[in-house]
Amino acid sequence: MNTPSTEWPSSLTDDELDELDRYLRSHADEGRLLLDGVHGMLSAIAVGPLEVLPDEWLPEVLHDPFADEAEGNRVLELLAKLNDSIRIELDVDAYEPILGEVDTDTGPVLSAAGWCEGFSRGIDLRAGLWEKRLADDPQLMELLGPVMALAVDEGILAAETEFEKLSDEEYDQCLAQVAPVLDAVDQYWREHPATEAELAALARAPAPEGEDTPPPPRQRSGHWVH
């Protein structure tokens, strides 16, 4: 890590996370990402094979006009700070996923559903590269194993074969592996960048039909937990 500590972008404070969370919840129609989902999406982008510009990912987050210029500037500032902090947190081994809570009969429990949904949408922004490499190189699929297990368990990803639900202990073990998984995937793409053939195929690929159709909404409630 060559960036001096004085130049690190700071992570959002609890007050700033609350502020961004409130804004996202106030515009949370079906299929829209909440704070945990935005964090998951930006995390996938941070460790992915190619840069994804804000003009590409902001439409996944912002859907309604701002009330005024001040509100717009503030929300964009918070999103930029969240995005920038992910890269630095990964570089200094300080990354933690932002998780949601689900209300159960025995009280609230942590849920990776929103984060996983956002992560899958981040992959979708460079789907051609991710899907080809996942199909061609089992190493990448193996590296993503704990995140994939969480996503399948939460119904975010469909599995070809039926899997038993993760036990509470298995779920917690997968959660504990999220940061190491991101580090490993980041390193993978650094060591095995997209080839010229893959980039050429990506450039030729037509835009998928129905890409604006939102995914099924998450069955969850609660608030962000960092």
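Mentor: We'll go from the overall layout to single residues.

Trainee: Before that, what kind of model is it, and how are the residues numbered?
Mentor: It is a predicted model: local features need pLDDT of at least 70, side-chain atom pairs count only at pLDDT 80 or more, and totals for chains, interfaces and linings use all residues. Residues are numbered from 1 along each chain as its sequence is written, and side-chain values use heavy atoms, with hydrogens and water left out.

Trainee: What secondary structure does the chain have?
Mentor: The chain has 11 helices and two strands. These are DSSP runs, numbered from the N terminus: helices are H or I with at least four residues, strands are E with at least two. Along the sequence, the pattern reads α-α-α-α-β-β-α-α-α-α-α-α-α.

Trainee: How much of the chain is buried?
Mentor: Of its 226 residues, 40% count as buried. Buried means under 20% relative accessible area, exposed means over 50%, and partly exposed is in between, with a 1.4 Å probe and protein chains only as cover.

Trainee: And what about the surface and the contacts?
Mentor: The chain exposes about 12700 Å², and carbon and sulfur atoms supply 50% of it. Those areas come from the Shrake-Rupley method with a 1.4 Å probe. As for contacts (heavy atoms within 4.5 Å), take those with a separation of 6 or more: residues 24 or more positions apart account for 76% of them.

Trainee: Show me a buried spot. Where is Gly118?
Mentor: Gly118 sits in helix 5, residues 113–124. Its relative accessible area is 0%, so Gly118 is buried.

Trainee: What does Gly118 touch?
Mentor: Leaving out residues up to four places away in sequence, Gly118 touches Leu33, Gly37, Gly40 and Met41. Gly118 and Val38 are 80 residues apart in sequence, yet 5.7 Å apart in space, C-alpha to C-alpha.

Trainee: Is Trp130 buried or exposed?
Mentor: Trp130 counts as buried because its relative accessibility is 1%. Trp130 lies in helix 6. Beyond residues up to four places away in sequence, its contacts include Ala44, Pro49, Ile123, Leu144 and Trp189. Leu140 is another residue that Trp130 touches; their C-alpha atoms are 9.3 Å apart.

Trainee: Which residues are buried in helix 8?
Mentor: Val147, Met148, Leu150, Ala151 and Asp153 are buried there. The buried residues of helix 8 pack against helix 5, helix 6 (127–136), helix 7 (138–143), helix 9 and helix 10 (178–191). Gly155 follows helix 8, with a positive phi near 80 degrees.

Trainee: Switching to charges. How many salt bridges are there?
Mentor: The structure holds 16. A salt bridge here is a side-chain nitrogen of Lys or Arg within 4 Å of a carboxyl oxygen of Asp or Glu.

Trainee: Last topic. Where is Glu164, and is it buried or exposed?
Mentor: Glu164 is in the loop between helix 8 (145–153) and helix 9 (168–176). Glu164 is exposed, with a relative accessible area of 75%.

Trainee: What about Asp93?
Mentor: Asp93 has a positive phi of about 55 degrees although it is not a glycine. Asp93 lies in the loop between helix 4 and strand 1 (100–104). Its relative accessible area is 65%, so Asp93 is exposed.
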